[in-house]
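Biologist: Before I rely on any label attached to this model, I would like to see each value set against its definition. Could you take me through them?

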Amino acid sequence: MTAAELPLRRGRGWIVPVVTVVAWQMLVETGVLAFRFLPAPDQVARAVLQVVRSGALAADLLHTTAITVLAAMIALALGGVLGLGFGLLPRLRRNAMASVDVLRTIPAVALMPIALLTFGPAPSTELMLAVWAAQWPVVVSTAAGVRNVPDRLYDVARMLQLSRTATIRKIVIPAVVPSWLAGARLATIIALHVTITAEMVMAPAGLGGALVQAMQALNVERMWAYAVVCGIVGASANAGLRRLVAAALPGSPVDRSVGAR
Amino acid sequence: MSGALTGKSAEAGGAQDDAIAYRVDRVGVRLPAAVSSRPVLRDVTFDVARGEIVGVVGRSGTGKTTLLRLLAGLLGASAGTVTLDGVPIEGPPATVAMVFQDYHNALLPWRTVARNVAIGLEHRIGQEERCRRVEQALRMVDLQDRGADYPWRLSGGMAQRVQIARALALEADVLLMDEPFGALDAMTKASLQDVLLGVHRATGATIVFVTHDVDEAIYLSDRVLVLAGTPGTISATVPTGLPTRRDQLTTRELPCYLQVRHALGQALRAGDDGG
């Protein structure tokens with residue numbers, strides 16, 4: 001391909017969104033799309049600028065991302081330890097894995113009213129819910145990672161006279177890092193979803209709280225503005241994490257297949 | 001590897017016993033199967049002298065890998081005894097190193113080549129001595145320039161040399177190898193065979209290896225054992241009588257090489273009829 005083709009190719013991903021926004025704008029202006037509460041994209045864009053300028057967005061964004069990041073980090077630590085435990089201790093796995101499978105499939109959203117009444121509408125309640133929901137993918141993928149450590153590596157460890165602790169520290173834990181990080185990406189996205197939902201349900205704070213307040217005030221443009229910001233936060237968190245994980249694992253399978261044969 | 005040369009006096013004592021590394025006496029092995037257990041080896045008896053290279057050949061399913069795991073202490077015998085330097089084996093002995101066929105599983109992908117070689121030394125010796133030994137081991141397998149590379153950047157032949165270097169860094173008396181060159185192409189195989197012979201000349205280590213390649217067994221070994229039957233047992237023992245210095249071309253043309261090849265061929269065929 002020539003140098004001129006490259007930017008064009010890279011731009012292809014933008015075709016669908018751009019066409020959609022332009023079509024939306026035209027359909028609203030021509031009156032084809034005539035819902036009572038559907039603004040045109042230019043109105044949404046103006047509302048975004050307005051919440052940015054007023055400083056309201058910065059505070060809400062900070063609230064939501066702080067809780068999401070904190071929840072994801074706690075979930076990573078907690079899920080990593082639990083997953084390692086389940087992976088390494090067959091007895092624990094046999095006794096507790098069934099409960100884990102039930103607990104992790106309970107929709108976190110269903111626990112929100114309970115958490116609200118039990119712990120009150122505080123950021124710590126949001127955090128608790130986000131951690132609860134976000135830890136499961138880490139637990140499951142870490143435990144699977146431990147069980148996928150090749151038996152051969154245990155042979156190697158035994159031949160090298162490694163103690164059980166040394167085997168876990170030098171062989172099992174490093175071997176499990178890729179699975180753990182795969183769980184981390186999911187955990188962060190789930191933490192973001194649950195945090196925003198919890199804010200909508202219980203606390204007049206954060207992106208979720210502002211979104212619901214705008215809806216209740218029938219401030220449609222503002223509501224749309226916050227929804228757009230939520231979308232941007234989710235998409236950039238996903239892309240950023242993907243890059244982070246790739247950078248943390250230079251020997252990831254894609255890379256590894258190149259030199260091996 | 002001074003240990004291999006000086007030796008430690010065995011419990012049994014006696015001048016002759018000092019020369020024996022492994023003594024395998026009427027050993028049987030049963031492995032767990034779907035229903036109860038399945039016999040894999042029966043009535044296996046042989047000795048391995050210190051500094052000897054012994055090749056084990058046999059068709060698949062005759063228990064070659066099981067035999068090697070037994071010598072490594074990764075597996076216990078259900079009958080009979082296995083001793084190393086007069087001491088019964090209970091678990092992997094510190095003086096034994098093992099090279100596995102599946103190098104992509106046996107090397108740690110998150111460690112560089114040098115750190116893969118060093119892993120067995122980390123809890124035994126200080127950093128300075130460790131670096132020296134790792135460097136020396138890598139030089140012996142001609143990988144001195146690849147210490148900072150990751151194993152998945154290496155070819156199969158290089159990866160196997162890393163495994164050999166890991167064993168060398170331990171300065172083990174005994175090197176066990178499970179089809180070490182089985183997954184490599186013919187050229188790489190030949191060059192690694194010569195690397196191994198060079199290592200043996202330099203260290204005097206005892207080497208026991210398993211292979212399905214009769215020519216490889218003859219070329220490398222002082223003695224070739226044939227495992228046959230299910231459960232497997234030793235059906236023939238053939239000394240090669242080849243000179244210590246070997247050459248990929250001329251050694252394979254020696255009359256005694258061809259005689260050994262013929263004898264092994266017959267032994268393997270007999271095993272076929274019997275099984």
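**Labels and their cut-offs**

Modeller: About 290 Å³ of space lies in the second largest pocket, a volume being the space filled by probe spheres set on grid points joined across faces, edges and corners. This is a predicted model, in which local features need pLDDT of at least 70, side-chain atom pairs count only at pLDDT 80 or more, and totals for chains, interfaces and linings use all residues. Residues are numbered from 1 along each chain as its sequence is written, chains are lettered from A and ligands numbered from 1 in the order in which they are written, and side-chain values use heavy atoms, leaving out hydrogens and water.

Biologist: What makes α4(A) oblique to α10(A)?

Modeller: The two helices pack at an angle of about 130 degrees, with their axes 6 Å apart. Angles under 35 degrees count as roughly parallel, over 145 as roughly antiparallel, 65 to 115 as roughly perpendicular and the rest as oblique, and therefore α4(A) is oblique to α10(A). The contact (heavy atoms within 4.5 Å) involves Leu57(A), Asp60(A), Leu61(A), His63(A) and Thr64(A) of α4(A), and Gly206(A), Leu207(A) and Ala210(A) of α10(A).

Biologist: Why is Thr195(A) called buried?

Modeller: Thr195(A), found in helix α9 of chain A, has 0% relative accessibility and therefore counts as buried, given that buried means under 20% relative accessible area, with a 1.4 Å probe and protein chains only. Leaving aside neighbours within four places in sequence, Thr195(A) is in contact with Thr64(A), Ile67(A), Thr68(A), Glu126(A) and Ala130(A).

Key:
On a 1 Å grid over the protein atoms alone, a cavity is a set of points where a 1.4 Å probe fits but cannot get out, and a pocket is an open set with protein on both sides within 12 Å along at least five of seven lines; lining residues have an atom within 4 Å of a point. Axes are lines fitted to C-alpha atoms, for helices over the stretch in contact, and angles run from 0 to 180 degrees between N-to-C directions. Helices (H or I, at least four residues) and strands (E, at least two) are DSSP runs, numbered from the N terminus. Buried means under 20% relative accessible area, exposed over 50%, partly exposed in between (1.4 Å probe, protein chains only).
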